[in-house]
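Dear colleague,

I am passing a structure on to you, and it is shown just below.

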Amino acid sequence: MKQQQKLALALILPGLMLSGLASATHSWNNYHWARTSNPLPLIVVDSTSPEWSSELDATVNAWNASKVLSLTPVQGETDSRTRKRCSMVTGQMRVCNAAYGQNGWLGLASINLDSSGHITKGTAKMNDSYSWYWTSEEKNHVMCQEVGHVFGLGHTSEDGTSQGTCMDYSSDINSQWPNAHDYEELATIYGHLDSYNSYATGSEPPSTCKGRKCNSRAFGLGHRIYGNEHFEIWAEAEEDGTLTLHHVYLADGHEEH
Ligand SMILES: [Zn+2]
Ligand SMILES: [Zn+2]
């Protein structure tokens, strides 16, 4: 690891350790996209197969009810190789599903932070290898939650009780979508403006997948820095000095019987 990367980790990790515990306001350590005005015009690259397309549309519509978000879905590549890699697109969010294997997670949200700590790109992945878990309600719940993490939201609770939002860990049918509190939380997180934009609205997103990185991206999660029975957070220092964080929705307790 280069010195610069060590420094980035040393600066950011202490905040991360607290973020898993401080859930009263349920932001994810106040992570957010930088923007000089609101709402945030974020492109959502759709790399989902037809089995998840209606859930993605519904999730995008639900989050778009936030006054600080303006999400535009664009059709991305959907071949299985692209969906498995789900490589990050600079300045945008990509959503993918694939059979990632029975590797312990149902859903995985990843964000990349620049040296100012702003989100510059992110992915939300749903794992088809746990096919028995995916009722239509749970597809909505997990996709909505993973996408919510990419805006910088944390969980409202982690004990399985329902707050009527997809950001909880309840299997209640009312936990498929954001609730009013989530929109309030977003308004708080995005209540200030920044001096630059960390999103990109280009219609032809550049691929950021180069050489070895394409392969390591799939399951290289870096270091586990927080975890409980429901989720884990992993941090990974990138070669360019940025930091990628992974928010893992664990499959524990959802094994096939
Ligand atoms: Zn900011
Ligand atoms: Zn989560």
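Predicted model: local features only at pLDDT ≥ 70, side-chain atom pairs only at ≥ 80, totals over all residues.

Residues are numbered from 1 along each chain as its sequence is written, and chains are lettered from A and ligands numbered from 1 in the order in which they are written.

The chain has six helices and eight strands, where helices (H or I, at least four residues) and strands (E, at least two) are DSSP runs numbered from the N terminus. Read from the N terminus, the order of the elements is α-β-α-β-α-β-β-β-α-α-α-β-β-β. Of the 257 residues in the chain, 41% are buried, a residue being buried if 20 or more other C-beta atoms, placed from the backbone, lie within 10 Å of its own.

Strand 4 (residues 105–113) is largely enclosed by the rest of the structure, because nine of its nine residues are buried. Strand 4 runs antiparallel to strand 8 (residues 243–250) and is joined to it by eight bridges, where two strands count as paired if DSSP finds at least two bridges between them; in this pairing Asn112 stands opposite Thr244. Strand 4 also pairs in the antiparallel sense with strand 5 (residues 119–127), over seven bridges, and here Leu113 stands opposite Ile119. Strands 4 and 5 form a hairpin with five residues between them, and Gly117 in the turn has a positive phi of about 85°.

With kind regards

Technical notes:
Buried ≥ 20, exposed ≤ 12 C-beta atoms within 10 Å, placed from the backbone.
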